[in-house]
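Subject: Structure handover

Hello,

Here is the structure I said I would pass on. My notes on it follow below.

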Amino acid sequence: MGKTKKYFQGVVKEGKRVRWPSRETVLKSLGVVLVISIIAALWLSLDDFIAGKLLQILRDTFSK
């Protein structure tokens, strides 16, 4: 148990040395990530919808 305790003491010590970002910086970064994620989700959904429609048109055209 001595090694485990020493390890976690080192983790806590290093965590205190880290220069953590301010709340405002984190919120701005979060906003950017959310906006990009939403745009990517919409783009991929539209792409999937269009590909599905094109495949359906091809299937209908060649099945006749």
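Predicted model: local features only at pLDDT ≥ 70, side-chain atom pairs only at ≥ 80, totals over all residues.

Leu54 sits in helix H2, which runs over residues 23-63. Between Leu54 and Lys3 there are 61 Å from C-alpha to C-alpha, at a sequence separation of 51 residues.

Overall shape

The protein chain holds two helices and zero strands. Its radius of gyration is 25 Å, whereas a compact globule of 64 residues would come out near 11 Å. The C-alpha trace spans about 75 × 35 × 10 Å along the principal axes of the chain.

Surface and charge

Of the 64 residues in the protein chain, 0% are buried. The accessible surface amounts to about 6,500 Å², and carbon and sulfur atoms account for 68% of that. The chain carries 12 positive and 5 negative charges, and the mean positions of the two sets lie 18 Å apart.

Helix H1

Helix H1 covers residues 2-17.

Aromatic pair

A search of the whole structure returns one aromatic pair. The pair is formed by Tyr7 and Phe8, with ring centres 5.2 Å apart and planes at 75°, and is therefore edge-to-face; the cut-off for that class is an angle over 60 degrees. Tyr7 has a relative accessibility of 54% and so counts as exposed. Phe8, at a relative accessible area of 49%, is partly exposed.

Ser37

Like Leu54, Ser37 belongs to helix H2. Is Ser37 buried, exposed or partly exposed? Its relative accessibility is 39%, which means that Ser37 counts as partly exposed. Ser37 and Asp47 are 10 residues apart in sequence, and their C-alpha atoms are 15 Å apart in space.

Regards

Methods
Residues numbered from 1 in each chain as written. Heavy atoms only, no water. Helix = DSSP H or I, 4+ residues; strand = E, 2+ residues; numbered from the N terminus. Rg over C-alpha atoms; globule rule 2.2 N^0.38 Å. Buried < 20%, exposed > 50% of the residue type's maximum accessible area, 1.4 Å probe, protein only. Areas by Shrake-Rupley, 256 points an atom, 1.4 Å probe, with all protein chains shown as cover. Lys, Arg positive; Asp, Glu negative; His and termini not counted. Charge placed at Lys NZ, Arg CZ, Asp CG, Glu CD. Expected span 1.5 Å × (residues − 1). Phe/Tyr/Trp six-rings, centres within 6.5 Å; stacked < 30°, edge-to-face > 60°.
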